[in-house]
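Here are my notes on this model, written as numbered points. Keep the structure open beside you and find each piece as you read.

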Amino acid sequence: MKFKRISVASNLLCFITAIYITVFFNRAAFVFIADYLKEDFLSTGIIAATLFLLTYCLLVLFSAPYLIKPALIFFVTVSASAAYFIDHFGVLITPNMIENAATTTRAESGHLMNAHFVTNMLLYAGLPSLLIIWVEIRHRPFVQKLWVNTLLISGCLIAGVALLLTNFGTFSSMFREKKAEITGRLNPLAPLSSTIRYFVKVNDERTYIAQPLGTDAVQTKPHQEGSNKKRLTVIVVGETARAQNFSFNNYYRDTNPMLRERDVLNFTDVSSCGTETSVSVPCMFSPFPRTEYSSKKFRQSENLLDVLKHAGIQPLWVENNTGSKRVADRIETIDMSQLQEGNPNCAGGECYDQVLVDTLASRLDSFKTNTVVVLHMLGSHGPAYYRRYPPEQEVFKPACRTSNFADCTQQEIVNAYDNTIAYTDKILAEIIDLLKSREGEFASSMIYMSDHGESLGEKGLYLHAMPYFIAPREQTTIPFISWFSPDFLKENDLKQACLKTLSDHPASHDNLFHTVLGLMNVKTTVYDKDMDIFNSCRGDGAAS
């Protein structure tokens, strides 16, 4: 039996599709709005109706032969995809989130595109798309369509404004206070506007040229063969590690058993510059504090690694994540994704962070002068936490062994995450032990600082990348750990007893730029001693 295809007027199909998108892909937005309005469902319904009218206007713009079906399928697919991540992880769709998606690795994106995601997409985007393909669409003559569509769009916009005016004071106040939380959940407006803003930014950044920074930099204590040891600082950039889950910070679990035995200095009150790698990593190496930082400023200026290079220090970046985010554009970089073949610590396009220790060990003999090495960890990047550590390092059980959190209990998710922290503890301890083993050649130090934190279900949020001004502390409070060899302390005239008093002092990514310059004895006009967190423990004025 052959089914007769249904014939539908183009604007009616747009109307039905607009209802479908509004109802099925904006649940999180309407729940948030209803909660803000204290369950004023009439006002919430007005917002929903206005969103429907705007969506209908958008779809009608594409109501033309050969264009309407691809356009409707596109909007349904985009809305379904965005709604999945909004509903399941509590994320907001922002330009930074689009950048994260655009710059992720194939392996990382594979963890997100799991069976649960595919099933949702087939059900909520695939089936409607097949129906859109199947129906026959009737179109008016061109001139008539132009007039009708113009009247429809104008009428919908007027109706939308009229609806908002019924309670304008409440709505305007709500959008002033909660604009980011609401607009980041609206489909298809959030993914469309965020994508456009992201590509506008990318296009603008093509013209930016990094201006020289700290070209006057010199070392006050350069390495001289035979007279002093080479100074080596290893900066370990953590990934998605939140301070709350470090036992150093009074966490109920022992996630730092190995570092505790190695006389490290832990800072308990440290904040990040952003809530995603694409913001935090450039910001922490830039000369700009968080309050003044922007992607534009970063791209138009050299950074910490360039200043070190100007001073004659050898910088090296070792990458085991999604890239240096342009920080290491002008220095030597080792990308572990290009060196995976035959490595037992690598599989499926990713490597355990053990490769960073191994690479550092293999490069020590090549350091002929004072050197700064940056190791960019894979760390605790979610949602596939179980992929961040070897199976034999699974300390806390049972652990969630899927990237679909819906298949795991809350405790299993936390167990998997805590295993990544315990594995990071092991990696940092091995780096310290490696540096200790070469104390005959190097006066060495290690700084570990994560790029941002992570939500593990608090307030219904998972992962990270919330806009900073509304981000929970789980996403902005980060670990900061340092270690110094005896010779490094001596070379820097740092007093160990004084350093221990710094543990509770507030710190942030803002300090890294100046602190590293201070540790490497770099004199330059861009160095601010007040931002060097260790400066107060340097010299005769420090407590001994």
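1. Let's begin with a word you'll need throughout: a residue is buried when its relative accessible area is under 20%, exposed when over 50%, and partly exposed in between, using a 1.4 Å probe and protein chains only. Helices (H or I, at least four residues) and strands (E, at least two) are DSSP runs, numbered from the N terminus. With that in hand, look at strand E7 (residues 314-319), which is mostly covered, with 5 of its 6 residues buried.

2. Some ground rules. This is a predicted model, where local features need pLDDT of at least 70 and side-chain atom pairs count only at pLDDT 80 or more, while totals for chains, interfaces and linings use all residues. Residues are numbered from 1 along each chain as its sequence is written, and side-chain values use heavy atoms, with hydrogens and water left out.

3. Now for the sheet. Two strands pair if DSSP finds at least two bridges between them. The sheet here is open and has 7 strands, in the order E5-E15-E12-E4-E11-E7-E8, with mixed pairing. Which strands stand at the edges? They are E5 (265-267) and E8 (332-335), each with a single partner strand, so one side of each has no neighbour in the sheet. From one strand to the next, the twist averages 15°; angles run from 0 to 180 degrees between N-to-C directions, and axes are lines fitted to C-alpha atoms, for helices over the stretch in contact.

4. E7 and E8 are parallel and joined by 4 bridges, with Glu319 partnered by Asp335 in E8. On to E11: E7 pairs with E11 in the parallel sense over 6 bridges, and Pro315 stands opposite Val372. E4 (residues 230-238) is also parallel to E11 (residues 371-376), through 6 bridges. In that pairing, Val372 is the bridge partner of Thr233.

5. Strand E12 (residues 442-450) deserves a stop, with 9 of its 9 residues buried. In a regular strand, side chains alternate between the two faces of the sheet. For E12 both faces are covered: Phe442, Ser444, Met446, Tyr448 and Ser450 are buried on one side, and Ala443, Ser445, Ile447 and Met449 on the other. E12 runs parallel to E4, with 9 bridges between them, and Arg231 sits opposite Ala443. With E15 (residues 480-484) the pairing of E12 is antiparallel, over 5 bridges; there, Met449 stands opposite Phe480.

6. What sits in the middle? A nonpolar core is a set of buried Ala, Val, Leu, Ile, Met, Phe, Trp, Tyr and Cys residues joined through side-chain atoms within 4.5 Å. The largest one has 93 residues, and Val234, Val236, Leu360, Leu375, Ile431, Met446 and Tyr448 touch the most other members. Apart from it lies another core, of 51 residues, including Leu265, Leu305, Leu519 and Ile533. For contact, the cut-off is heavy atoms within 4.5 Å. Leaving aside neighbours within four places in sequence, Leu375 is in contact with Val234, Ile235, Val236, Val237, Val318, Leu356, Leu360 and Ile431.

7. Leu356 and Leu360 belong to helix H14. H14 (residues 354-363) is mostly covered, with 7 of its 10 residues buried. The buried ones are Gln354, Val355, Leu356, Val357, Thr359, Leu360 and Arg363.

8. Elsewhere, helix H2 (residues 27-36) packs against helix H9 (residues 168-183) at an angle of about 145°, with their axes 11 Å apart. On the H2 side, Phe32, Ile33 and Tyr36 meet Ser173, Met174, Glu177, Lys178, Glu181 and Ile182 of H9.

9. Is Leu186 buried or exposed? Its relative accessibility is 10%, so Leu186 counts as buried. Leu186 is in the loop between H9 and helix H10 (189-205). Its C-alpha atom is 6.1 Å from that of Ala29, although the two residues are 157 apart along the chain.

10. Finally, find Thr55 in helix H3 (residues 41-60). Thr55 counts as buried because its relative accessibility is 0%. Beyond residues up to four places away in sequence, Thr55 touches Ala18, Ile21, Thr22, Asn187 and Pro188.
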